[in-house]
Amino acid sequence: MINSKLPFILYGGDYNPDQWPKDVIKEDIRLLKLANINVVTLPVFSWALLQPDEETYNFEWLDNILNLLKDNDIYVCLATSTAAQPAWMSRRYPEVLPVDFDGHKRKHGGRVKFCPNSKVYRKFSVTLTRKLVERYKNYDNLILWHIGNEYDNYCYCDNCEKEFREWLKKKYKTLDKLNKAWNMNFWGHTLYNWDEIFSPSGLNEMWHGEDKTSTTFQGMALDYNRFMSDSILDCYLGEYRAIKEITPNIKITTNLMGTFKPLDYFKWAEHMDIVSWDNYPSYGADPATIAMSHDLMRGLKNGEPFMLMEQTPNQANWQPYNSVKRPGELRLQSYQTLAHGADSIMFFQMRQSIGACEKYHGAVISHSGSENTRVFKEWKRLGEELHSLGDEILDSKIDSKVAIIFDWDNWWAIEFSSGPSVKLKYIPQIEKYYKAFYKKNISVDFVKPTADLSKYSIVVAPILYMLKNNVSNNIKNFVSKGGTFITTFFSGYVDENDRVKLGGYPSELRDLLGIWVEELDALPLEINNILQMNSTLNGFDLEYKCNMLFDIINLEGAIPLALYGSDFYKGRPVFTINSYGEGDAYYIGSDPDSKFVDDLVGFLDSNYSLSLDFEPNEGVEITKRRKNDKEIFFILNHNKDSVNLNLKDYSYVNLLTKEKVFSKITLKGMDLAILRKLANND
Amino acid sequence: MINSKLPFILYGGDYNPDQWPKDVIKEDIRLLKLANINVVTLPVFSWALLQPDEETYNFEWLDNILNLLKDNDIYVCLATSTAAQPAWMSRRYPEVLPVDFDGHKRKHGGRVKFCPNSKVYRKFSVTLTRKLVERYKNYDNLILWHIGNEYDNYCYCDNCEKEFREWLKKKYKTLDKLNKAWNMNFWGHTLYNWDEIFSPSGLNEMWHGEDKTSTTFQGMALDYNRFMSDSILDCYLGEYRAIKEITPNIKITTNLMGTFKPLDYFKWAEHMDIVSWDNYPSYGADPATIAMSHDLMRGLKNGEPFMLMEQTPNQANWQPYNSVKRPGELRLQSYQTLAHGADSIMFFQMRQSIGACEKYHGAVISHSGSENTRVFKEWKRLGEELHSLGDEILDSKIDSKVAIIFDWDNWWAIEFSSGPSVKLKYIPQIEKYYKAFYKKNISVDFVKPTADLSKYSIVVAPILYMLKNNVSNNIKNFVSKGGTFITTFFSGYVDENDRVKLGGYPSELRDLLGIWVEELDALPLEINNILQMNSTLNGFDLEYKCNMLFDIINLEGAIPLALYGSDFYKGRPVFTINSYGEGDAYYIGSDPDSKFVDDLVGFLDSNYSLSLDFEPNEGVEITKRRKNDKEIFFILNHNKDSVNLNLKDYSYVNLLTKEKVFSKITLKGMDLAILRKLANND
Amino acid sequence: MINSKLPFILYGGDYNPDQWPKDVIKEDIRLLKLANINVVTLPVFSWALLQPDEETYNFEWLDNILNLLKDNDIYVCLATSTAAQPAWMSRRYPEVLPVDFDGHKRKHGGRVKFCPNSKVYRKFSVTLTRKLVERYKNYDNLILWHIGNEYDNYCYCDNCEKEFREWLKKKYKTLDKLNKAWNMNFWGHTLYNWDEIFSPSGLNEMWHGEDKTSTTFQGMALDYNRFMSDSILDCYLGEYRAIKEITPNIKITTNLMGTFKPLDYFKWAEHMDIVSWDNYPSYGADPATIAMSHDLMRGLKNGEPFMLMEQTPNQANWQPYNSVKRPGELRLQSYQTLAHGADSIMFFQMRQSIGACEKYHGAVISHSGSENTRVFKEWKRLGEELHSLGDEILDSKIDSKVAIIFDWDNWWAIEFSSGPSVKLKYIPQIEKYYKAFYKKNISVDFVKPTADLSKYSIVVAPILYMLKNNVSNNIKNFVSKGGTFITTFFSGYVDENDRVKLGGYPSELRDLLGIWVEELDALPLEINNILQMNSTLNGFDLEYKCNMLFDIINLEGAIPLALYGSDFYKGRPVFTINSYGEGDAYYIGSDPDSKFVDDLVGFLDSNYSLSLDFEPNEGVEITKRRKNDKEIFFILNHNKDSVNLNLKDYSYVNLLTKEKVFSKITLKGMDLAILRKLANND
C-alpha cells in the first residue's frame with residue numbers, strides 16, 4: 001500500500017494554490033470535498049515563493065494550506081518544488097542555465113530548465129528539500145514525497161563537458177580503452193588527452209537526417225545519453241537521500257513519462273520507492289498504446305503496483321488539437337489504469353490557471369468555477385465509485401506468461417545508427433508485437449534484457465540490436481530450459497558500446513537461432529516483399545506482406561517457416577524456427593504486416609494457452625489482477641456500442657454494482673465491469 | 001488633398017538615381033515625362049551616400065537630382081533615407097546591429113536591420129533627417145515626407161532587454177502588479193527584481209509548434225510586442241518631430257504593409273499625417289483579399305483618403321513564382337486602389353536595378369531601357385487617363401454601414417495561445433467575414449474595438465478573444481441602441497494581459513449574447529460537424545458544415561438558430577441570437593463553411609438594405625466614393641470576359657470616357673468604369 | 001597511363017588498417033589477394049596516429065603496412081591523411097575549427113572540418129605531407145598521391161572574413177570598382193573601407209526561401225564562393241607543391257564528387273594530374289544520371305582518362321534507404337565507369353569498420369570476415385575479368401561531336417538569384433538535355449564556356465545565364481563557322497559579377513539568336529502552356545507541354561519553330577532558329593517536357609548523324625572508346641531481361657569472352673560486352 005494512512009485508491013492530483021487568493025482557495029476546498037478528492041499534490045512549482053532570495057525561506061503560506069487540507073481530511077503528496085529554479089538564481093548564477101543541443105546558452109524562462117551538473121542547482125535544491133522535510137516530517141496527512149517534475153533536461157554546457165570527462169575516466173580508466181570502445185581511429189579521432197573529449201552535439205557529432213538523428217560515434221553518443229541520464233538522476237538522488245534520512249518510512253517518487261527516450265527508466269526505478277507516471281493520450285489514441293505504456297511503467301519495478309500521477313480531466317493545451325474528453329472517456333481511461341496495475345487515479349490539475357500557457361488545460365474546477373459542468377459531475381461520480389471499492393484491489397498484481405524485452409540502451413543505439421533505414425524506429429516495433437498480444441487479452445510484462453526470464457513461457461525481443469553482457473546467455477538459458485524466444489531483423493549486432501560483434505550476424509544468437517544473416521537489404525517503404533508461408537503451419541495465411549528491411553539468411557540448422565516471394569532473394573528463408581535445448585527460437589527477418597504478428601501470437605496462444613478464459617471481443621479489453629487467491633477481472637468496453645460477453649460457467653461479483661453475475665454480462669458503450677471471481681461455494 | 005501643389009492623383013513612385021550614372025538619369029527624365037509621371041519618391045536608401053562617414057555629409061548629388069526634377073515639373077516625395085544604416089556605422093558601433101529571435105547577433109548586411117533601441121541609430125537618423133529638412137524645406141516641388149521604409153525590425157539584444165524593463169516599470173509601477181498581470185507564480189516564475197525580466201525569445205519563452213509560434217507567458221509576450229511596436233515607432237517619431245518642427249505644413253508618412261502582424265498600425269496611424277502602404281499581391285490573388293487590405297489601411301485613420309506608396313509595375317522578384325502582370329491587370333489593380341479610398345497610384349520602381357536582389361523586380365523602365373515595352377505603354381496610357389480625372393475624386397470618402405473590429409493585441413494574443421487548436425488564425429477568420437460582404441458589394445470599415453460604433457448598422461467581431469477596457473461596454477452600448485452585433489467562438493476570454501475573465505465564457509459578453517460556453521472542443525480539420533438550421537429562417541440552407549472548434553453552449557436567454565448535427569453535443573445550440581436593448585447579438589460557436597457566412601450576410605442585407613443599388617455580378621466589384629453630394633461609382637470587372645450591368649433607372653457620366661451612360665453598361669474583360677451619378681436634371 | 005608500374009586497370013580502394021589489430025591485417029592481405037586487388041588507398045584518416053602531438057611523428061606502423069603490401073604485390077595510392085586534423089590540434093589551436101553558415105563556431109568532432117584559411121592547419125598539413133613524401137618517395141609500390149579527401153569545407157569565421165577582404169583587394173584593387181561590381185549603392189550598402197566587408201552568410205546576406213538559398217548581393221555571394229573554392233584549393237595546393245618538389249613524376253589527385261556545387265572543379269582540375277571522383281548512386285538511380293557525372297568528370301581535364309576513386313561494393317550507410325547492390329549491379333556499374341573513360345575501378349572500402357558511423361557501409365570484407373559472401377565472390381570474379389583485359393583499354397579516349405557547356409559560376413549565379421522562380425535549378429536543366437543525347441547513345445563532352453568548341457558539331461548551353469568575358473564571342477565564332485548552338489530561357493542576362501547586361505535580353509546573344517526577350521513570365525509548375533510546332537518540321541509532334549518560365553519574345557531575324565498555345569502571349573514565338581554565319585542558333589524560351597528535347601535531339605541526329613552505328617534499344621547503353629585506330633564499344637544492358645542487338649555487318653571481338661561476334665549479340669539482363677571492332681581483314 002502506498003501509505004497505510006489512506007487505504008483507498010488515491011484520487012486527486014496537482015493543486016496550485018500558490019496561484020490564487022485566499023477566497024478562491026476556500027472555495028476550492030469545498031469543491032474538492034464535493035468531488036470526493038482524497039489527495040492533492042503540491043507545491044510542484046513554488047520554489048520562488050518558498051525561497052524569495054538566496055538567504056530567505058518562507059513556508060508560512062504553505063503551512064496554512066497544509067493545515068487547511070488536514071482540517072478537511074485531504075491527504076498530501078508533498079512535492080519538493082525543485083523543478084524550476086527561481087529567476088534570482090538564474091540571474092545570480094548563470095551556470096544553472098543549460099546550453100542546448102545546437103550550442104545556444106538558454107536564458108531564464110519557459111519551463112526553466114537547469115543544467116543537471118550545476119553545483120549551484122544541486123546545492124540549493126537539496127537545501128530546500130531538507131528544509132521542507134524537516135518542517136513537514138510530522139505532518140499527519142503527508143503520504144508520499146514527489147521529487148522534481150518530469151525530469152528531461154539534457155544539457156551541453158562546458159560544465160557538463162567537464163563532468164562527462166570525469167564520468168568517462170571512471171568508466172574506462174584509460175584513454176586506450178576509450179579509444180577502442182568508441183573506435184576512435186575512425187576518421188582519425190584518436191584521443192591522447194581526456195581534455196580532447198567534447199560533448200557530442202549539433203556542433204560536432206550529431207546530425208539530423210530525414211526522420212532521424214544520427215551521429216558519428218555511436219559509442220560516444222550512447223555514453224553521453226547514459227551520462228546525462230545519470231547526471232539528472234543524481235539531481236533526483238541528492239533530494240532522495242535528504243528525504244530518506246529524515247522520513248525513512250514515507251515513500252518517494254517522481255513522475256515519469258512512459259516511453260520517454262532520454263532517461264533510462266529501468267535504472268531510475270531502482271532508486272524510486274514507487275513508480276508514478278503522467279499519461280496524456282491524444283485525441284483518438286489507441287487504447288492498446290496507452291495499455292503498453294502502463295505495462296512498461298509497471299515493469300520498471302517488476303510488476304509492483306504503480307501510480308498514475310497525472311492525466312487531464314478534459315482537454316490538454318499543448319496538443320495540436322486539444323479535444324475535450326468524450327462522456328465516459330475519463331472514467332474508462334481511469335479504470336484502464338487500474339486494470340494494468342495502478343493503485344491511484346490522479347490528475348493535472350485541480351483548478352484551471354488564470355494565465356500562462358496551461359490556462360486552457362482542463363481542470364476539475366474550470367474557469368467558470370462551476371460545480372455544474374459535465375466534467376465536474378463525472379469527477380464527482382467517479383470519486384464515489386472509487387471510494388466504494390475500498391482496498392479491494394489495492395496491492396493486487398498481474399501475472400504474465402509473456403515478456404517483451406525493452407532496453408533504453410538498445411533504443412538509443414538503434415536510432416543513433418547511420419543506416420540501414422531512416423524508417424527504422426524502436427517503439428513501433430515493440431508496439432507491433434505488444435498489440436498482437438493485447439488484442440487477445442494476453443498480459444505482457446516488460447522486462448530488461450538481464451531480467452530473470454524463468455517465469456515466462458514466451459519472451460519476445462523485437463530488434464534486439466545490442467547484446468550487452470550476459471544477455472545472450474540469459475536468453476539461451478531461458479530457451480534451453482523450454483522457453484520460446486522470438487526475435488527479428490537487426491538483432492545481435494553490437495556490444496554495449498555499439499561495436500559490431502564480428503564473425504557474422506546475429507553473432508552470439510547465431511547458434512540459438514540457427515541462422516547466419518549475410519546481408520541486410522533496406523528499401524523505401526512502398527516496396528514490399530512477400531512472406532510465403534510453409535503451408536503446413538496452422539492458423540497462418542499463405543502470404544503476408546513485409547517491407548523496410550530484408551535479411552538475406554543462410555540456414556545453419558534452423559527450419560524455414562516462410563520464404564521471400566520476390567526480389568533476388570526470392571526463395572530464401574525469412575521466417576525460421578530453431579530448436580535449442582528444450583525450447584524454440586523464432587526469427588523474423590523482415591518487417592511483416594501486423595496481420596502476420598497477430599497470427600503468430602494466435603499460433604503461440606493455441607500452443608501455450610496464454611489468453612484469459614474469455615472469448616476475445618473487438619474493442620473489449622480484459623485484464624486480471626490477483627491478490628493472494630482473489631482474481632479480479634477488469635472488462636473494459638472501448639466501443640461506442642454495447643457488447644455482450646460470454647462468461648462461460650463462472651460466477652462473479654461486479655465490484656462496481658456489487659451484484660452477482662453469471663454466464664454473461666452486457667456492457668454499454670464506454671462502460672466497464674470489475675468482476676471478482678467467485679469460488680464454487682461462494 | 002495630400003498637397004495643394006499637385007491637385008491630381010499622384011502618379012509615380014520610387015526612383016533610385018543613386019544607382020545610376022548621369023546619362024542614364026537624363027534618359028530617365030525623358031521617359032518619366034513620356035509616361036506622364038508627376039511624382040517620384042527618393043532617396044529611400046542613400047544614407048551611405050548622404051553621409052559617407054560620421055562627420056561628413058554630402059548633398060550635392062541630391063541637389064542636382066532635385067533640380068533636374070523640378071526643371072521637369074516632377075514633384076517629390078522626399079524620403080529620409082534612414083531605413084538602412086551605412087556600413088561604417090555598423091562597424092564602428094556594433095550596438096546598432098540587432099539580435100534575432102534565436103539569439104544570434106546579426107552582422108551588417110542584407111536589408112540592414114538596426115536595433116530600434118540603439119541610441120546611436122536614433123541620434124544619427126534624427127541628425128540626418130534634420131539636415132535634409134533644413135536643406136530642402138524650401139524646395140518647391142516637395143509635396144510629402146517619407147520616413148524610413150517598411151519598418152519591421154524586432155530585436156532581442158541586451159539593450160532592448162534593458163529598455164523593456166524600463167518600459168515595464170513605467171507601465172506597471174510595481175513588480176507585484178507585473179507578477180499578477182503575467183500570472184508569474186505559474187511554474188514558479190515569481191519576480192523579485194526588475195532585472196530578473198528577460199526578453200521572451202526562442203532562447204526561453206517562445207517555441208514553434210506545428211503551424212504556430214506559442215509562448216509560456218502570453219502576457220509577457222504581448223507586452224514585448226507592444227514594447228517593440230512602440231520602440232520602432234519611437235524611431236519614426238524622432239524623425240517626425242524633427243521634420244514637423246521645420247516644415248509643419250508638409251504631410252508626413254511612412255509606408256505600411258497591410259495585414260502586417262508585428263506593428264500595431266492603429267497606434268502608428270495616430271502619428272502619421274496620411275496613411276500610405278505597399279501592395280504586392282501574388283499571382284492569382286483574390287481581388288477581395290486586396291480590397292480587404294485597402295479597407296484596413298483606410299480604417300487606420302477613420303476613412304481618410306490614403307496613399308498607395310508601392311506596387312510593382314510588372315513582376316516581383318521575391319515571390320516563389322514571379323509572374324508578369326497580365327494586360328490590363330496593372331490598370332485594374334490601380335483603379336481598385338482608388339475605388340477603396342486612395343488618392344495615389346505609386347510604384348516601386350521607376351528603373352530596374354542593374355544588380356543585387358531586386359534586379360528582376362519589374363520597373364517602368366526595364367533593363368532594355370525601351371519605351372516600346374508592353375509595360376511602358378500601359379503605364380503611359382494609365383498616366384494620361386489618371387491625369388484626365390483631374391481632382392474629380394480627390395478627397396472623396398467611402399460610407400459604410402458595416403464595421404469589422406480589428407485589433408492587433410487580439411491578433412497577437414490568439415496566436416500566442418497554447419491551445420485550443422494550432423489551426424486557429426486571426427486573419428483567415430477576418431477574411432471569411434469580410435469576403436461575404438465584399439461579394440455583395442457591401443462596403444466595410446475596419447475599426448478598432450474602442451471606436452465609435454454609432455454610425456454603423458452592423459458590427460462584426462470575429463474571434464473577439466481579448467476584451468480590453470471598455471470594449472464590452474462599447475459593444476453593448478451599440479447593440480442596446482439598436483445595432484446588430486455578430487461574434488464567434490473563442491470570444492470574450494481574456495483581458496488585455498491575456499488573463500482569463502473568470503466565471504464562464506464569454507464573460508462580459510455573456511448577457512449580451514445570452515449564452516454560457518461551458519466547453520470548447522478542438523478537432524483535426526478533417527472532422528466536420530453540421531450546423532442544422534432552424535427551418536423557419538429565410539435565405540439559409542438546411543445544413544452547413546463546420547469544423548476546427550466547437551463550443552458547447554448553455555443557453556441563457558438566447559434563441560438557438562442552428563444546432564449541432566453530430567458528436568456528443570448533437571442537438572446543442574451552435575448559432576444563436578439574443579435580443580439586447582433595441583438590438584440583436586448573434587453568436588457563431590464553430591467555424592462554418594463560407595457558404596454559411598455568405599448566407600448570413602444575405603440575410604442581414606435583406607433586413608438592412610446594405611448593398612449598393614446594383615445587382616451583384618460574379619467577379620464585378622462595385623464601390624462608391626462620395627464628395628459632398630457627388631456620388632462616384634467604381635465598377636471593376638475582374639473577369640476575363642465582358643459583362644453587362646443593369647444600371648436600373650439612373651444616369652451617370654463615365655469619368656474615363658466622359659460619356660453619359662444610362663440603363664446599362666457593358667464592360668470588357670479586365671475593364672472598368674467610373675460613374676458619377678447624375679441628378680435628374682443633369 | 002596512371003603509372004607504368006601497374007599497366008592494368010586499377011582495382012582496389014580505401015583500406016584502413018589503422019583501425020585493426022595485426023592478425024586481422026594479415027587475414028586482410030590474404031583476402032585482398034584472393035579478390036585480385038592490385039591497389040589500395042591509404043592512410044586517408046590517420047593524421048592523429050601519424051602525429052600524436054605537435055612535436056612527435058610516428059611512421060613505423062605505416063612502414064610495416066607498406067612493406068606488407070609490397071611483399072604481396074599490392075600497389076599503393078598514398079594519401080596525405082590531412083582531411084581530418086587531430087583532436088589535439090583543435091584543442092590547442094581553436095582557430096582551425098570553422099564557423100558555420102549560421103554563425104556557430106563548430107566544436108571538434110564529426111567529419112572534423114577545418115577552416116581552409118587557418119594558417120595553423122596549412123602549416124601542419126604541409127609539414128605532414130612533406131614528411132610523408134620524404135619517407136616514402138622511393139617506396140617501390142607507390143603509384144599515385146591522394147591529397148586530402150572530398151574537400152567541401154566552406155567557413156564563415158573572422159579569419160576567413162579577413163582573408164576575403166585581401167582576396168577582394170587583389171581582385172578589384174579599388175573599392176570604387178568593388179562597389180560598382182556588386183552594385184553596392186543598392187539599399188545603401190556603399191563601402192568606404194575594406195573592413196566594412198563582411199562574409200555573406202545566414203547572419204546577414206543569405207536567406208532560405210522555399211526550395212532555394214537566395215542572397216541580397218549576388219556579386220558578393222559569387223565572390224565568396226570563388227574565394228572559398230580558391231581557399232580550399234590553396235590547402236590542396238600547399239600539399240601538391242610539397243609533393244611535386246620531391247616526387248615530380250608521381251601523379252597527384254584528390255577525390256572529387258561529381259555535380260558538387262561548392263567547388264569550381266574546372267579550376268581545380270587545372271591543378272590535378274589526374275581527375276578522380278567518388279560515385280555513390282542511390283537505389284534505383286537512373287544510369288543516365290550516373291553517366292552524366294562520369295562525363296562531367298571526364299570533361300574537367302579535356303577528356304583525359306579519369307579515375308573512379310570510390311564506390312560502394314554493396315550498400316551505403318548514409319542514404320535514407322541503404323539497399324544492397326543487386327547481383328550484377330556492382331559489375332555493370334563498374335564497367336559503365338570504364339565505358340565513360342575511366343581507367344580504374346576502386347571502392348570504399350576493403351574492410352567494414354567495427355564501429356562509428358560507417359560501420360554499416362558495405363565493404364569487400366564484411367563483418368562476417370567471410371570469403372563466401374555473395375559480394376566477395378562478385379568482387380573476385382570482377383577482379384579476374386578486369387585483369388584479363390590487361391592494358392587493352394587503358395589510355396583510350398572518347399570522341400564526341402556534341403558538347404554541353406557547364407559552368408560553376410553560372411550554376412551559383414542562377415541559384416543565388418532572387419527570382420524569377422524558386423523552381424529554377426541548374427542541374428535538372430543540364431540533365432534534361434544530356435539525357436536526350438544519352439538515350440540515343442550520342443556521346444557528350446562537358447566543356448567550360450571558354451573551351452575551344454571547334455571540334456564539335458553541336459554545342460548546347462542550357463540556361464547560359466552568365467556571359468563571362470569572351471563567352472559570347474566564343475560561341476558566335478563557333479556558329480559562324482558552321483556550328484549548331486542551342487540555348488534556352490534565362491540566358492545572356494549577366495556578366496561575371498551578376499550585373500545585368502543592359503539593352504534587352506539575351507544581350508550579346510541577341511544577334512546570334514535573332515530575338516529580343518521583352519519579358520519573362522514565371523508561373524507555378526502546375527500551370528502549363530503549349531508549344532505549338534510548325535507543322536513542317538519532321539520528327540516532331542504537333543504539340544508539347546511547357547511550364548515554369550515563359551519568355552515573351554520579339555523576333556529580330558529568327559524564324560519561329562513553335563508558338564505558345566495559350567495565355568496572353570498565345571501565338572508569340574517560343575522556339576526559334578536563327579542563321580548566323582554558316583551555322584544555326586536555336587532558342588527554347590520555356591521549359592518543355594522531355595519528349596520535346598528527345599525529339600529535338602532526334603531531329604539533330606537525323607541531320608548530323610551523331611549516334612553510333614547501333615540501333616538504340618531501351619535500357620541498353622553503348623559507348624565507344626578509341627585508342628589510335630582501335631575502336632572499343634561498351635554495350636551495357638541495364639535491363640533485367642536479355643536483349644538482342646543487331647551488329648549490322650561488322651565483326652568484333654568480345655574482350656571479356658575473347659570470342660568473335662558478328663551480325664548480332666545477345667546480352668543477358670544486367671550483362672555487358674566490350675567489343676573491339678575488327679578491320680575487314682581481322
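How far apart do the end C-alpha atoms of residues 619–677 of chain A lie, and how much of the span is helix and how much strand? Those end C-alpha atoms are 22 Å apart, and the span is 0% helix and 73% strand. Helices (H or I, at least four residues) and strands (E, at least two) are DSSP runs, numbered from the N terminus. An unreviewed UniProt entry lists residues 619–677 of chain A as "domain: Beta-galactosidase C-terminal". UniProt positions follow the numbering used here, feature names are shortened, and annotations may be inferred rather than shown by experiment.

A word on ground rules: this is a predicted model, where local features need pLDDT of at least 70 and side-chain atom pairs count only at pLDDT 80 or more, while totals for chains, interfaces and linings use all residues. Residues are numbered from 1 along each chain as its sequence is written, chains are lettered from A and ligands numbered from 1 in the order in which they are written, and side-chain values use heavy atoms, with hydrogens and water left out.

**How the copies are related**

Take chain B and chain C to begin with.

Which surfaces do the copies use? Only 2% of the interface residues of chain B are also interface residues in chain C, so the copies meet through different surfaces. Contact here means heavy atoms within 4.5 Å.

**The two interfaces**

Buried area is the accessible area (1.4 Å probe) that two parts lose on being put together, summed over both.

| Interface | Residues in contact | Buried area |
|---|---|---|
| Chain A and chain C | 58 residues from chain A, 49 residues from chain C | about 4600 Å², 56% from carbon and sulfur atoms |
| Chain B and chain C | 49 residues from chain B, 59 residues from chain C | about 4700 Å², 56% on carbon and sulfur atoms |

On the chain B side, B:Lys107, B:Tyr321 and B:Tyr360 supply 16% of the area that chain B buries against chain C, more than any other three residues. For chain A against chain C, the residues losing the most area are A:Trp187, A:Tyr192 and A:Leu203, together 16% of what that side buries.

**Polar and charged links**

Between chain A and chain C there are six salt bridges, each a side-chain nitrogen of Lys or Arg within 4 Å of a carboxyl oxygen of Asp or Glu. One pairs C:Arg374 with A:Glu519, with the closest N and O atoms 2.8 Å apart. Strand β16 (residues 515–522) of chain A gives the most to the side that touches chain C, with six residues. That side divides into 26 nonpolar, 19 polar and 13 charged residues.

Chain B and chain C also have six salt bridges, including B:Arg374 with C:Glu519, closest N and O atoms 2.8 Å apart. On the side of chain B that touches chain C, α4(B) has the largest share, three residues.

Conventions. Nonpolar A, V, L, I, M, F, W, Y, C, P; charged D, E, K, R; others polar.
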